[in-house]
Amino acid sequence: MTDTGHLEQDLEALLQIENFPPPASFAEHARIHDRSVHEAAAADPVAWWAEQAKALDWFTEPTTALDDSNPPFYTWFKGGTLNASYNAVDRHVLAGNGDRVAFHWHGEEGEQRAVTYADLHRDVQRAANALKARGIGKGDVVGIFLPMIPEVVVAMLACARIGAPHNVVFGGFSAESVHERMEVSEAKALITVDSARRKGKTAPVKTTVDDVMGSLDTLETIFVVQHGGGDCPMQDGRDVFWGDALAAADDECEAEPLDAEHPLFILYSSGSTAKPKGIQHTTGGYLTGVAWTHKHVFDLRPEEDVYWCSADVGWITGHSYIVYGPLMNGTTSVMFEGAPDYPHKGIWWELCEQYGVTLFYTAPTAIRACMKWGADLPAQHDLSKLRLLGSVGEPINPKAWLWYHKVIGGERCPIVDTWWQTETGHIMITTLPGAQYGKPGSAGTPLPGVYAAIVDPDSGEEVPDGTQGLLTLTRPWPGMLRTLFGDDDRYVSTYWEKFGPQTYFVGDASKRDADDGYVWVIGRVDDVLNVSGHRMSTAEIESAIVSHGKVAESAVIGQTDEDTGQAVCAFVTLEGDLEGTPDLEAEIREHVAQRIGKLARPKRIVWADDLPKTRSGKIMRRLLKDIAEGRALGDVTTLRDPGVMQQLQGKIAEAQSDEG
């Protein structure tokens, strides 16, 4: 058993350490172990990116690296032709690595499949021919609505092989969300599943899809993967079982040579009341960015490493760092169908031991959940093969960083805390693990070839180091989005209007350290509170609350307040079986006051058994704000546990009654 008291003492001691350099043994053998690559990129960023593009297999070499004649509609690698599917699969098979495992797939109920690059090569070609047999070709959008099973990768690569942009929808979304995304993208086909499994339960998928898809004139075919079992109605002439379609297809399908700027995929944003944005990525630039970042940020050795990104393919993290980045580099990955707490709360660490995972990439929310479940669970498994850890999705608070470092990494694994967006395509700000130290809570510095500035919200001028401002990107990069699908005007107004067509507006508040240039991403602009004229980040307050020894997790929102404009409202989950009391509330408020200042003290603390999270683990603070201010809730079907919202509404009602 792990001594919880000693662990808390150790974490408190580690909190006093500002920088965590890589172990000498890691740095000595790292792909990048000094700043020379940053210097080379700074000397001529366009030429440097052109050099990185040579790692791809091109059918026709590019003639121009960057065309910036029509900002913000930048293009990269003009004249070049290539294929993402060929780069992800064929070239590894042709190089004699067909027997290498691409994915160790582990099903929710313990099923196992080892999918080799040769297996992918065979199935992707058949799937591409199956698509073509239904009249799908270059430029036709194909929707994909599948759980975390190998077929989702096959489907994506089959689309890429014939030049059909894929539109993947996260498997936790509602059928109505799928309908909306298929409608606005004018999808010609949808690849879905009979039913999906989640934490021991099976839910119908095809039936719910049928309920809403009948009105789509453009949708000519629905392919159905048979995975979860149960009833699966099939409409004559439209519906085809995926397995039957592949079995009937020819074995060989040449990869289509596509222009570097040919759309590879559309990925729709979520969580907003506005119409989802169809973020469009192209082929050559995107592949260049994800291949380089995956290889170097994770210090990848494809012949030796086993890599696991715990995200879902339905998000950009899954696209870039489960599918395209790893496969471009010939990586062996773990793919897990289930939840992090099923069939038990130690399943992640069991799988790390079973498959010998060396590189592990997950979200801060997941780390905090593991903290709550206790250090005893990972201690039961051999994690000694881990040599690098990563964090993605939101800023990680220092306490979670240090727990990850000590309990999971054994104080020997560098942590790469990565900042990027769906729009950027790949990691933009982080540390290169063999060359830079980690700083708990900071994302690090811009990667080679990436240029960032922190500017005043009004003037657009750079603010002094240490001053909070807005994060911007000041030069184009190959993996950037090219537009919003079917809406160039919204693309310009959303990202380029605020500071001009050569400065990309990120939407995050940030600050930068003067001594080393490390960037602290504080949170979305709408996650910055203004309490009596003082601007504070919700992430900063959350970190202060979570640093209290009795707190497992917290989410902070700004609640409209008559006196101060906004007041700090904190939803707090306690460690273990602890109960919230007035004394503990006062203790936490004073703790925050000591960490940040009295203005940051929560005016209201709501004790929460759990927080509303998507199935990928992202906390939906927008929903917390809605219930705190008494607004009607929208669709909560995408949450991991929709019942959490009803519980929290009851807690809010109780708190308001007590205050009244």
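Predicted model: local features only at pLDDT ≥ 70, side-chain atom pairs only at ≥ 80, totals over all residues.
User: What should I know about the model before we start?
Analyst: Local features need pLDDT of at least 70, side-chain atom pairs count only at pLDDT 80 or more, and totals for chains, interfaces and linings use all residues. Residues are numbered from 1 along each chain as its sequence is written, and side-chain values use heavy atoms, with hydrogens and water left out.

User: Why is the pair of Phe265 and Tyr286 called edge-to-face?
Analyst: Rings of Phe, Tyr and Trp (its six-membered ring) pair if their centres lie within 6.5 Å; planes under 30 degrees apart count as stacked, over 60 as edge-to-face and the rest as tilted. Here the centres are 5.1 Å apart and the planes stand at 80 degrees, so the pair is edge-to-face.

User: And what makes Tyr437 and Tyr518 a stacked pair?
Analyst: Their ring centres are 5.0 Å apart with planes at 20 degrees, so this pair is stacked.

User: Why is Tyr518 called buried, and why does Tyr437 count as partly exposed?
Analyst: Buried means under 20% relative accessible area, exposed over 50%, and partly exposed in between (1.4 Å probe, protein chains only). Tyr518 has 3% relative accessibility, so it counts as buried. Tyr437 has 24%, so it counts as partly exposed.

User: How do you know that Arg475 lies over the face of Tyr451?
Analyst: A charge sits over a ring if NZ of Lys or CZ of Arg is within 6 Å of the ring centre and within 35 degrees of the ring normal. Arg475 lies over the face of Tyr451, at 5.5 Å from the ring centre. Lys498 lies over the face of Phe505 at 5.9 Å.
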